[in-house]
Amino acid sequence: MERRPLPYPWDRVKEELQSRVRDLAEDLGIKWKPDGQGLLHPLNPNRKDNKPGSMVIWTDPGRIGAWKDYASNDQGDIFGMIQFWARPRPAGKMDVYWWALEWLGWDKGTVRTLSEDVEARERRERERIAEESRSKALADAKSRALFGLWLGLPPIAGTPAEHYLREVRKVPMERLAHQPGALRWAAAVDWVDPETGEVHEWRNVMVSAMTADKRVTALHRTWLKADGSGPDPARKANGRHKTMIGRASGAAIRLSPGPSGLSPTAAAKKGITGPLGIGEGIETCLPVAVARPDYRVWAAGSLSLMGLLEWPDCASAVVLLRDNDWEKPEAIAAFDRVEAHWRAQARGRPVAVVAPPPGVDDFSSWVMGVAA
């Protein structure tokens, strides 16, 4: 028996779903609120999941609707998103297909003419290109605005931010071979988001430049008490005393340039290479920069972002700084992915993992004890 042809090609249905992904997500019960990296963070509906974080859905043009749960390793495309979240759950792939047609309001037995189909595809391609161009222009404008704000702020020397690092986090800043120019202090500034027009008040914030290649593309913010005696308690209470804004993917806070004092680009041009230490946070990485002035040291801002950096030409080796509080299965799996990412780029160059010994809380306690 000859199989009846489908009324619409799978690719065409997928493109239409992706063009309407926001409506689809909301109809599936997924709150549409992407973070600064264009990711949604829903709870996994098919396991006991009480806290967002392990599951992500991509919303950027290249991967619209793709999703993954890093805790269970479940993953899929926009069709899989339907099968995962729709209630009642479609039983199989073809059930997802017919569910999608019904949701789109497409007649299951009507097919467009070839010319109409070609015209619709060309129109969607024009719309996709226009949307990508618009999104890139907005992102570039936002990066320029963030860079301008950061550039106008004073360095942390003599500010509550330096007090926080020196007295609270116990980092002997005076022993750094090069003071971290990426770190600045905002006592009180207003920033206007060029994308939304919203005015954001930044009060008592250590603002750190996150650089990708030669450009500051994002800022990392540590919200502190006005005197620098600790994190802002109001933000600490909900875990939001450290935040990022802009395009942080592929960018890092460059804390130490190593013995050359040169930028990564300038060092590579001169053929100067050396070890690169990479950790999650500023407080982890600064003590390493003090103890190992022969290292170039970068903070990625988060564990996941450590696995999105590319091996720079100035690095002869990479040392991954592993905090001891990454003991949950999700964090262990995430670090394993980070390590695999760097080993895949190594091409024979050394990759090492360094962590404080058991019982030592953090790198500051360990490294400063060793270096004393």
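Start with strand β9, which supplies four residues to the lining of the second largest pocket, the largest share of that lining. The model is a predicted one.

**The second largest pocket**

Select β9 as residues 253-257: four of its five residues are buried, so the strand is largely enclosed by the rest of the structure.

**The partner of β9**

β9 and β11 pair in the antiparallel sense over four bridges. Which residue of β11 is the bridge partner of Arg254? Trp298 is the partner.

**The largest cavity**

Now switch to cavities. The structure holds one of 30 Å³ or more, and the volume of the largest is about 40 Å³. To see its lining, select Leu176, Ala177, His178, Ser256, Gly258, Pro259, Ala289 and Pro293. How many charged residues does this lining have? It has no charged residues, with five nonpolar and three polar.

**The four-stranded sheet**

Move to the open sheet formed by four strands in the order β1-β2-β3-β4, with antiparallel pairing. At its edges are β1 (39-40) and β4 (75-76), each of which pairs on one side only. Between β2 (residues 55-58) and β3 (residues 67-69) there are three bridges, again in the antiparallel sense. Pick Val56 and look across to β3: Lys68 stands opposite.

**Helix α11**

Finish with α11, residues 329-346. The helix has 18 residues and reaches 26 Å from first C-alpha to last, close to the 26 Å expected at 1.5 Å a residue. Select its buried residues: Ala331, Ala334, Phe335, Val338, Glu339, His341, Trp342, Gln345 and Ala346. Turn the view to look down the axis of α11; the buried residues fall within an arc of 150°, so they line one face of the helix. An α-helix has 3.6 residues a turn, so residues three or four places apart point the same way. On the other side of α11, select Pro329 and Ala344, which are exposed.

Note on methods. Residues are numbered from 1 along each chain as its sequence is written. This is a predicted model: local features need pLDDT of at least 70, side-chain atom pairs count only at pLDDT 80 or more; totals for chains, interfaces and linings use all residues. Side-chain values use heavy atoms; hydrogens and water are left out. On a 1 Å grid over the protein atoms alone, a cavity is a set of points where a 1.4 Å probe fits but cannot get out, and a pocket is an open set with protein on both sides within 12 Å along at least five of seven lines; lining residues have an atom within 4 Å of a point. Grid points are joined across faces, edges and corners, and a volume is the space filled by probe spheres set on the points. Ala, Val, Leu, Ile, Met, Phe, Trp, Tyr, Cys and Pro count as nonpolar, Asp, Glu, Lys and Arg as charged, and the others, Gly among them, as polar. Two strands pair if DSSP finds at least two bridges between them. Helices (H or I, at least four residues) and strands (E, at least two) are DSSP runs, numbered from the N terminus. Buried means under 20% relative accessible area, exposed over 50%, partly exposed in between (1.4 Å probe, protein chains only). The expected span of a helix is 1.5 Å times one less than its number of residues. The arc is that of the directions from the helix axis to the C-beta atoms.
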